[in-house]
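Here is a short report on charged side-chain pairs. Look at the sequence and the model first, then read on.

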Amino acid sequence: MLTRDQAVAAAAAFLKSRAHPDRAGSVVMLPDTAVDFAHGRTVRFDFREHIETGDPTQAPFSSVVVVPHDGSPPHFAPMFPPVATYMEMRAAGNWPPRKG
């Protein structure tokens, strides 16, 4: 199981090297937002420009990174369902949802 600090570091590495390498210097991790779930930890982040100006066009489209406990790569949480529901579905093995 990952500690909060390990999850934040893994999320930061994902954001700076894979998701937003062009904005690596702008990534601001928000470690106090880390939440532990059975599947992994979620960590929020923001961009420095958004924090400094409040300009919504400078905010990340998706600000939640999932760092799985099993060592699989960090990834963005989907926009739907809500993060807690997504994490419960992952833990139960119900993601992706089965089509009817």
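In this predicted model, R4 and D32 meet through their side chains in a salt bridge, with 3.4 Å from N to O. How exposed are the two partners? R4 counts as partly exposed, at 35% relative accessibility. D32 is exposed, with a relative accessible area of 70%; the cut-off for exposed is over 50%.

Side chains of opposite charge can pair when their charged atoms come close.

| Salt bridge | Distance |
|---|---|
| R4 and D32 | 3.4 Å |
| R23 and E49 | 3.1 Å |
| R48 and E49 | 3.7 Å |

Next comes R23. Its salt bridge partner is E49, and their closest N and O atoms are 3.1 Å apart. This pair links distant parts of the chain. R23 sits in the loop between α1 and β1, while E49 is in helix α2 (residues 48–53). The two are 26 residues apart.

E49 also forms a salt bridge with R48, at 3.7 Å between the closest N and O atoms. R48 counts as partly exposed, with 35% relative accessibility.

Definitions and conventions:
Residues are numbered from 1 along each chain as its sequence is written. This is a predicted model: local features need pLDDT of at least 70, side-chain atom pairs count only at pLDDT 80 or more; totals for chains, interfaces and linings use all residues. Side-chain values use heavy atoms; hydrogens and water are left out. A salt bridge is a side-chain nitrogen of Lys or Arg within 4 Å of a carboxyl oxygen of Asp or Glu. Buried means under 20% relative accessible area, exposed over 50%, partly exposed in between (1.4 Å probe, protein chains only). Helices (H or I, at least four residues) and strands (E, at least two) are DSSP runs, numbered from the N terminus.
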